Amino acid sequence: MSISECKFYTGPKSVTDALDQLLRYTDNGGRRTSLLMFYREKDPDARITDTIAAIRSHPQCESFDSSRAHEDRQWGFVVRGSGDPGSAPRAEVAFIPFVIA
């Protein structure tokens, strides 16, 4: 099952809230997820950097992959669902930014 969450960027809290929502889906069986974040500015690079930092600093983020960042403008993360860290479900998250300026 693949689940996507679409959000408008309004600051780091909007990223944390979106990731928390994805984590609830992870706890219910979602293993492949994506966070599609929309930016309302012509040059969102600083906000995208803020988004990546917010995801990486989330307490349930376990790993980060930027290997597709330059070619596909996509970043990957593995997050751990709630529960015991040793047995909690994990999900892959693809972060994909969109500019709608």
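This is a predicted model: local features need pLDDT of at least 70, side-chain atom pairs count only at pLDDT 80 or more; totals for chains, interfaces and linings use all residues.
The secondary structure of the protein consists of three helices and five strands. Followed along the sequence, these elements are arranged as β-α-β-α-β-α-β-β. Of the 101 residues in the protein, 41% are buried.

The largest nonpolar core contains 22 residues. Those with the most contacts inside this core are Leu 35, Met 37, Ile 55, Trp 75, Phe 77, Val 93 and Phe 95. Two or more core residues come from each of α1 (12-27), β2 (32-39), α2 (45-56), β4 (75-80) and β5 (90-99). The largest contribution is that of α1, which supplies five residues. The surroundings of Phe 77 were examined as an example from the core. When neighbours within four places in sequence are set aside, Phe 77 is in contact with Ile 52, Ile 55, Arg 56, Cys 61, Ser 63, Phe 64, Ala 91, Glu 92, Val 93 and Phe 95.

Two further positions were considered in turn. Ala 54 is located in helix α2. Its relative accessible area is 10%, so Ala 54 is classed as buried. Apart from residues up to four places away in sequence, Ala 54 touches Pro 12 and Val 15. Lys 13 is 41 residues from Ala 54 along the chain, yet the C-alpha atoms of these two residues are separated by 8.1 Å. Gln 74, by contrast, is found in the loop between α3 (69-72) and β4. Gln 74 also counts as buried, because its relative accessibility is 17%. With residues up to four places away in sequence left out, Gln 74 touches Arg 68, Ala 69, Ala 94, Phe 95 and Ile 96.

A disulfide is a covalent bond between the sulfur atoms of two cysteines. The structure holds zero disulfides. Cys 6 is partly exposed, at 43% relative accessibility, whereas Cys 61 is buried, at 17%.

Side chains of opposite charge can pair when their charged atoms come close. Six salt bridges were counted in the model. In one of them, Asp 17 pairs with Lys 13, and the closest N and O atoms are 3.0 Å apart. These two residues are four positions apart in helix α1, so about one helical turn separates Asp 17 from Lys 13. Asp 17 is partly exposed at 36% relative accessibility, while Lys 13 is exposed at 59%. Another salt bridge joins Arg 47 to Asp 50, with 3.0 Å between the closest N and O atoms. Because Arg 47 and Asp 50 are three residues apart in helix α2, about one helical turn lies between them. Both are partly exposed, Arg 47 with a relative accessible area of 29% and Asp 50 at 27% relative accessibility.

A further salt bridge is formed by Arg 80 and Glu 62, whose closest N and O atoms are 3.3 Å apart. Arg 80 belongs to strand β4 and Glu 62 to strand β3 (residues 61-65), so this pair ties together parts that are 18 residues apart in sequence. Arg 80 is buried, with a relative accessibility of 14%, and Glu 62 is partly exposed, with a relative accessible area of 37%.

Note on methods
Residues are numbered from 1 along each chain as its sequence is written. Side-chain values use heavy atoms; hydrogens and water are left out. A nonpolar core is a set of buried Ala, Val, Leu, Ile, Met, Phe, Trp, Tyr and Cys residues joined through side-chain atoms within 4.5 Å. Buried means under 20% relative accessible area, exposed over 50%, partly exposed in between (1.4 Å probe, protein chains only). Contact means heavy atoms within 4.5 Å. A disulfide is a pair of cysteine sulfur atoms within 2.5 Å. A salt bridge is a side-chain nitrogen of Lys or Arg within 4 Å of a carboxyl oxygen of Asp or Glu.
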